[in-house]
Amino acid sequence: MPHSAAELLAARLSEKLGKRTPGARLAELRTPEGTKRVIATEAYQGVELWDHLKRIHREGHGADVLGELLSFKEGIAEDMRFSLLIGDGDRHPSNMLVLPNGELLSIDFGMADIHPTHFTYRHEGKVLADGTDSPWHEHWKVPGFDEMPAPESPRFREYVLAQMQVHLDWSVFQLYRHLGGFGQGVAETFLSSFHYDDFAEGVARMRSALRGDVGDLTRESLEQFRSIAPDVFENYRLDPELTVRLLETRLDVMDEFFQTIDQRVMRALQENIDGGTRLQPVSMRRRAVDGWRLLSPPPVRLVFPRAARIGRSA
């Protein structure tokens, strides 16, 4: 599966931005069958934000959780900006690590929407481990589009904006469902605190840092992935030029998108409060995700210590 291609691209873009995410590189793995080229990712010592908040909740009250969340607001906003660039709405407290120094680290971008076969987050046609149809896939279609328009289409920009909203809807859902157990109003208060000012400066930095470099970074990353998994590259129709156009367009519309972020978040939040049938509760979701991971692991993944890449410990 192309999870590793998305992880590799996310790592390259993060490095260019100076953002803390686990790095990824090509490495050689010696096995009894011979030497294999693999993608290696960094390992960090840290606690999932989800587990960190649960500990705070056990030791105190809901107000303590809200205060802790607000202390991480800048890091969560940064995660949101980057995830919308790479096209990954699967952002929740288990995909963020609290490091020993208190910094928030974003992890797990394997769901990033970087090519046509990610049109519905790869959930369309998936089945759970017990063989039942996935109840998720219908919620991933981009409203108003039966398929992704060609990049030269006059509707491509409109599609990208709508697609970013789908990713944001999923992020809001994830946060709402996870935070809802910490007390009435915790999720709503935290999510409604986001405004354009929380994103404007970061979006400007992102556009300045990546302007002119998205194409080269994307092509290099996907070509590296092709070198270790050519069959996967072809089977999933990875198209570096299409990925470049997707990321460049997302970068172009990023500021426009975040100018109305408060309205976008509140609209997505209201859908969850109203009790719609968008997705499953956390307990159901966890079981489903475990099943999908078993069905679709990355081609090869090797974890190496942070010190091995940059010469010092975390």
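The protein has 13 helices and 6 strands, where helices (H or I, at least four residues) and strands (E, at least two) are DSSP runs numbered from the N terminus. This is a predicted model, so to speak of its local features pLDDT must be at least 70, side-chain atom pairs count only at pLDDT 80 or more, and totals for chains, interfaces and linings use all residues. Residues are numbered from 1 along each chain as its sequence is written, and side-chain values use heavy atoms, with hydrogens and water left out.

Now for the overall picture. Of the 314 residues, 52% count as buried; buried means under 20% relative accessible area, exposed over 50%, and partly exposed in between, with a 1.4 Å probe and protein chains only. The accessible surface comes to about 14,300 Å², and 49% of that belongs to carbon and sulfur atoms. Those areas come from the Shrake-Rupley method with a 1.4 Å probe, and for residues only the protein chains shown count as cover. Among contacts with a separation of 6 or more, residues 24 or more positions apart account for 72%; contact here means heavy atoms within 4.5 Å.

**Helix H10 and its partners**

Helix H10 covers residues 240–258, and its axis comes within 9 Å of the axis of H5, crossing at roughly 75 degrees. That makes H5 roughly perpendicular to H10. By class, the contact of H5 with H10 has 9 nonpolar, 4 polar and 4 charged residues. On the H5 side the residues include Phe156, Val160, Leu161, Met164 and Leu168, and they meet a set in H10 that includes Leu246, Val253, Met254 and Phe257.

H10 also packs with helix H7 (residues 200–210), at an angle of about 175 degrees and with the axes 10 Å apart. H7 and H10 are therefore roughly antiparallel to each other. Here Val203, Met206, Arg207 and Leu210 in H7 meet Leu251, Asp252, Met254, Asp255 and Phe258 in H10. By class, that contact has 6 nonpolar, no polar and 3 charged residues.

A word on the terms. Axes are lines fitted to C-alpha atoms, for helices over the stretch in contact, and angles run from 0 to 180 degrees between N-to-C directions. Angles under 35 degrees count as roughly parallel, over 145 as roughly antiparallel, 65 to 115 as roughly perpendicular and the rest as oblique. As for classes, Ala, Val, Leu, Ile, Met, Phe, Trp, Tyr, Cys and Pro count as nonpolar, Asp, Glu, Lys and Arg as charged, and the others, Gly among them, as polar.

**Aromatic rings**

There are 8 aromatic pairs by the ring rule. One of them, Trp170 with Phe173, is stacked, at 5.1 Å centre to centre and 15 degrees between the planes. Rings of Phe, Tyr and Trp (its six-membered ring) pair if their centres lie within 6.5 Å; planes under 30 degrees apart count as stacked, over 60 as edge-to-face and the rest as tilted. Trp170 and Phe173 both sit in helix H5, 3 residues apart, which is about one turn of the helix. Trp170 is buried at 2% relative accessibility, and Phe173 is buried at 1%. Elsewhere, ring pairs link Phe190, Phe194, Phe199, Phe257 and Phe258 into a cluster.

| Pair | Residues apart in sequence | C-alpha distance |
|---|---|---|
| Met111 and Glu7 | 104 residues | 8.6 Å |
| His52 and Pro93 | 41 residues | 9.1 Å |
| Lys73 and Phe190 | 117 residues | 8.5 Å |

Lys73 belongs to helix H4 (residues 73–86) and is buried, with a relative accessible area of 16%. Leaving aside neighbours within four places in sequence, Lys73 is in contact with Phe190, Ser193, Phe194 and Asp198. Two of these names, Phe190 and Phe194, turn up in the ring cluster as well.

His52 lies in helix H2 (residues 49–59) and counts as buried at 11% relative accessibility. Not counting residues up to four places away in sequence, His52 touches Val47, Glu68, Phe72 and Val98.

Met111 is in the loop between strand S5 (104–106) and helix H5 (156–179), and at 15% relative accessibility Met111 counts as buried. Asp108 lies in that loop between S5 and H5 too, but Asp108 is partly exposed, with a relative accessible area of 27%. Most residues other than glycine have a negative phi. Asp108, which is not a glycine, has a positive phi of about 65 degrees.
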